[in-house]
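Please read these notes with the model open beside you.

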Amino acid sequence: MGQQVYEEEIIRRAPGVLGDAVEVRREIVRSVRSELPGTARLPTWVLRSAPRPVRAVAGAAMYRGADVVHRMGLGMPPARVPEIITIHDTVAWRFPDESTPEPFASADLRRAVAVVAPSQFSADDVAEHLGIENVHAIHNGVDERFFDARPLDPEARARLGLEEPYVLHAGGASARKNLEGLAEAWPLVARARPDLTLALSGPPHPRRTALFGSLPRTRLLGRVADDVVPGLLAGAAAVVVPSLYEGFGLPALEGMAVGVPVVAARTSSLVEVVGDGGLLVEPDGPAIAEGLIFATSEDSEVATMRARGRARAQSFTWDRSAQQHAELWRSALGLV
């Protein structure tokens, strides 16, 4: 998922962009019952509902010796030293089927010396919705492997049940992903392009199954291994991102990087990320269908759009993102 990709890419680059004079230490907090690996375990009530003084004590112990803390998740305990906090979006406050808002989010964000958001749209939304100042828009990047990706070989495609040309939707199934709009669009596309299959990757979810399980020429892929994703994208006839709200929209950027047509909703950060590198449409069934029918056609403008998308994707790099983070880290450390 986008948030995990962001964390891994920025943390991996942090020592290099800061240099030998700064020691970088990573803390991964898990609940006591979690089976996932981590550096610290805390009871759930401390992470979510304990009074701030109790959470602050936990944070002081966890971040002992730190001069600056960058919290990449609001669920982490607060620090007693200057903090930078990343918040990707406001979906927890806007969509009831998302995770519930962190109780101390607004207060913690106001105390931070800097707040990071992955797009200007998201930065403005956070500032307005939560009343936060000092929000910095720092774009996510795209992994270099997507630019060199080749379509999956026939055997790999057969294992996924994708032996015919396909349109790909990759991501979650929450309400903001607008799967309803895509489900309304797909029968229109299938009639116009009977050779195409709609492939949907992402963790199994009742909404996705209910919407697409009985539609013609659809394939629910479930979770796809990370090393398969670039080839899966590169082999698509088009990538579709019909979301009502995205804090960034990494699948759209990855689709542009591999050089396939991207059809995305003209909403939220997708306008900022896709720009003229894809086809922006209204987030309703007929408009999504029209966009996909055009994007999978032989029209010469489609090839031009693919080239624009690939060129645009090259400007979104994780190295650049890490350097912009480093400016905030150095400022908080008093090194500028």
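1. Two strands pair if DSSP finds at least two bridges between them. Helices (H or I, at least four residues) and strands (E, at least two) are DSSP runs, numbered from the N terminus. With that in hand, take the open sheet of 4 strands, ordered β3-β4-β5-β6 with parallel pairing. Its edge strands are β3 (69-71) and β6 (135-137), and each pairs on one side only. On average, neighbouring strands here are turned by 25 degrees against each other, direction ignored. Axes are lines fitted to C-alpha atoms, for helices over the stretch in contact, and angles run from 0 to 180 degrees between N-to-C directions.

2. A word on the source. This is a predicted model: local features need pLDDT of at least 70, side-chain atom pairs count only at pLDDT 80 or more, and totals for chains, interfaces and linings use all residues. Residues are numbered from 1 along each chain as its sequence is written, and side-chain values use heavy atoms, with hydrogens and water left out.

3. Look at one pair in that sheet. Strand β5 (residues 114-117) joins β6 in the parallel sense over 3 bridges. Val115 has Val135 in β6 as its bridge partner.

4. Now the other sheet. It is open, has 6 strands and runs β9-β8-β7-β10-β11-β12, with parallel pairing. The edge strands, β9 (218-222) and β12 (279-281), each pair on one side only. From one strand to the next, the twist averages 25 degrees. Strands β10 (residues 238-241) and β11 (residues 262-265) run parallel and are joined by 3 bridges. Val239 stands opposite Val262 in β11. Helix α8 (residues 179-192) packs on the sheet and touches β7 (166-170), β8 (197-201), β9 and β10. Contact means heavy atoms within 4.5 Å. The direction of α8 makes about 165 degrees with that of β8.

5. What about the whole protein? There are 15 helices and 12 strands. The radius of gyration is 21 Å, close to the 20 Å that the globule rule gives for 336 residues, so the protein is as compact as a globular protein of that length. That radius is taken over C-alpha atoms, and the rule is 2.2 Å times the number of residues to the power 0.38. The C-alpha trace spans about 60 × 40 × 40 Å along its principal axes.

6. Which residues does Glu272 touch, not counting those up to four places away in sequence? They are Ser119, Gln120, Phe121, His139 and Arg312. Glu272 itself lies in helix α12 (residues 270-274). From Glu272 to Leu292 is 20 residues in sequence and 20 Å in space, C-alpha to C-alpha.
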